[in-house]
Amino acid sequence: LKPVGLKRTAAPTASVPVELTSTLAAMKMFALLVGLLVGSEVAAFEKCAHQDAFDITMCNSHMCTKCTMEWCMTACQELQERNPDCRCEAWPAEQKTYSDGDFVKKGKVGDAGEYAAAL
C-alpha cells in the first residue's frame, strides 16, 4: 500500500541576511577568545603544598605587602626561598616570586643611591 496524495517536500529554509550572519560569526569568535583568555588566567594559579601558611605569611601579611623596613623585604625574600613553588594567587600570572613583583622597598635597598654607584 502506498499513501496517495502525500508528496515529499524539502524542509523550509530561512533566509538570513548576510550582515546578520557575519555579525553572529564575529560574536561567536569574540566569545571563544574571551573564554580562552579567562580560562588561561584561571588555570595559571596552582596551590603549593604549604599554600595556607604561605598566604598568611606572604600574601596577606603587612610584612610582605606594606612594610617599608629593610628587615621586612629580606624576611619575605627568605620566606620565598624556603617556599620556591609557592606564589600568591593575587599576583599577576607572570610574577613567579616575591622579588619578581613591585614591593615597597624594591630598588631602595642595596641597588640604589651612593652605594650602588660603580667605583
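One aromatic pair: that is what this structure holds. Keep in mind that the model is predicted. The two rings belong to F54 and W91. Their centres sit 6.4 Å apart, and their planes meet at 85 degrees. Edge-to-face needs over 60 degrees, so at 85 degrees this pair is edge-to-face.

Where do F54 and W91 lie? F54 is in helix α2, and W91 is in the segment after α4. The two parts are 37 residues apart in sequence, so the pair ties them together.

Are these two residues buried or exposed? F54 counts as buried because its relative accessibility is 2%. W91 is buried too, at 15% relative accessible area.

Now to α2 itself. Its buried residues are Q51, F54, M58 and C59. Turn to the face of α2 pointing away from the buried side, and you find the exposed residues D52 and I56. What covers the buried residues? The cover includes α3, residues 62–65, and α4.

Next, the core. The largest nonpolar core has 12 residues. F54 and W91 are among them, and so are M58 and C59. Which elements give two or more residues to this core? They are α2, spanning 51–59, and α4, spanning 70–82.

Last, C64, another member of that core. Leaving out residues up to four places away in sequence, C64 touches T57, M58, C76 and Y98. M58, C76 and Y98 also belong to the core.

Methods. Residues numbered from 1 in each chain as written. Predicted model: local features only at pLDDT ≥ 70, side-chain atom pairs only at ≥ 80, totals over all residues. Heavy atoms only, no water. Core = buried A, V, L, I, M, F, W, Y, C linked by side-chain atoms within 4.5 Å. Buried < 20%, exposed > 50% of the residue type's maximum accessible area, 1.4 Å probe, protein only. Helix = DSSP H or I, 4+ residues; strand = E, 2+ residues; numbered from the N terminus. Contact = heavy atoms within 4.5 Å. Phe/Tyr/Trp six-rings, centres within 6.5 Å; stacked < 30°, edge-to-face > 60°.
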